[in-house]
Amino acid sequence: MIFIREKHLPFWLDKEETLEFPTVKDKTKVDVAIVGGGIVGITTGLMLKKQGFKVGIIESKKIASDVTGSTTAKITISSNLVYDEILSDFGLEIALKFRDANILAFDKISEIINEYKIDCDYEKIPLYIYSTNKNNYKDIEKEYKALQKLDIDADLTDDFQMPFNEESFKENNAKNNDSESNIDINKAIKYNNQAIFHPKKYSNALVKLIPGEGSHVFENTKVIDIKEGEINRIITEKGDIFADSIIIATNSPIYDPDSTLSYMSPPIKSYMLGVYVKENIPDSMFVDINPFHTYRKTPTKKGDLLIIAGEHHHTGKSKDTNANFKKLIEYTKKKFNVNSIEYFWSNQDNKTIDRLPVIGETSQKGIYISTGFGSWGMVKATLAGIMLTDLISNKKIFMLKFSHQKDLKNKNQ
């Protein structure tokens, strides 16, 4: 018997400390105003404050409650088959910079956790990227060859434990005349020493360090407009903020002077469940590329909660979101012996056409942007924090000059 409790909220936001911050105080002046209180805004804000800047984070809802609070919270240097594509489209030099950027940001998260002694369930585990569709095996092999060229720590393996019972999965599918019943899963890319954590515990610990000494965190304050000038003005429903520099750190840019959205792919909506299962889930993350699903577990007082994501579609292209949740539940029941379904939620991600993130200064001097993380938010958000801090600090930075379909005029991406 399956118990269905189904709290319609992300697991990360349930029972965790809810922080309270004020709305904007009119005529506040800071060095850097950051629009968006997710992991990009929080990470960048803390890094800039550490450099001596007075920062102001402005969040329209609650801090870290939207995209950051709805993530699966995998910290990885890859999220899919991406390196072969980057290598083919941009060549070795850019692919190596792309690799180095991901490793830099990955390492930075653990540095931050150690520096501030953050208890956020951080754990190093492997990531397996595989397919239950034999037509994808060649794609997996191509990706592995690209990883070898880029000297990335990964293995091509046929020896790994699936999160579900493979034989039971085939039996269930055979009973239902499912075409997947005859598929053998025998190729996977294993990324060693990847990580998971609790994003709300992490973001709560960071954001607590920002207020004070001229820095602020504001929430429940919607930005209405931005007026550029020698001193930039951010108009909100609660009052105005003035800043030398502005960072647009919303998932989809609310201020976009260079039409960044014109070279974005349509946003993707994903669905997630938090379930307790009878199976002993391995200490690993799993990404099945076709049909695309991800698996990871997280510790709770009741045992390990399995988080499954899937049923992806372009935002606005599904008329019945409840039907997508039902499909994900049925998918989960086919693969696992489910004890209870505890949580369900959804999320939305943006990615660029060429799969490279947009991070840098826009054509408007002093106004910066970060977007297009492509369902890879934890590492890419941290990379944004590193790069934007260095740009605003006028440091010699780890610069990535990627060419998109339509470049930002400044090209500091």
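The model is predicted, local features need pLDDT of at least 70, side-chain atom pairs count only at pLDDT 80 or more, and totals for chains, interfaces and linings use all residues. Residues are numbered from 1 along each chain as its sequence is written, and side-chain values use heavy atoms, with hydrogens and water left out.

**Exercise 1.** Determine how helix 1 and helix 6 pack, and which residues make the contact.

Solution. Helices are DSSP runs of H or I with at least four residues, and strands are runs of E with at least two, numbered from the N terminus. Axes are lines fitted to C-alpha atoms over the stretch in contact, with angles from 0 to 180 degrees between N-to-C directions. Contact (heavy atoms within 4.5 Å) involves Ile 39, Ile 42, Thr 43 and Leu 46 of helix 1, and Tyr 202, Ser 203, Leu 206 and Val 207 of helix 6.

**Exercise 2.** State how many residues of helix 1 are buried.

Solution. Buried means under 20% relative accessible area, exposed over 50%, and partly exposed in between, with a 1.4 Å probe and protein chains only. By this rule 11 of the 12 residues of helix 1 are buried, among them Gly 41, Met 47 and Lys 49. Just after helix 1, Gly 52 has a positive phi of about 100°.

**Exercise 3.** Locate His 198 and classify its burial.

Solution. His 198 sits in the loop between strand 7 (188-196) and helix 6. His 198 counts as buried because its relative accessibility is 1%. Leaving out residues up to four places away in sequence, His 198 touches Phe 11, Trp 12, Glu 16, Cys 120 and Asp 121.
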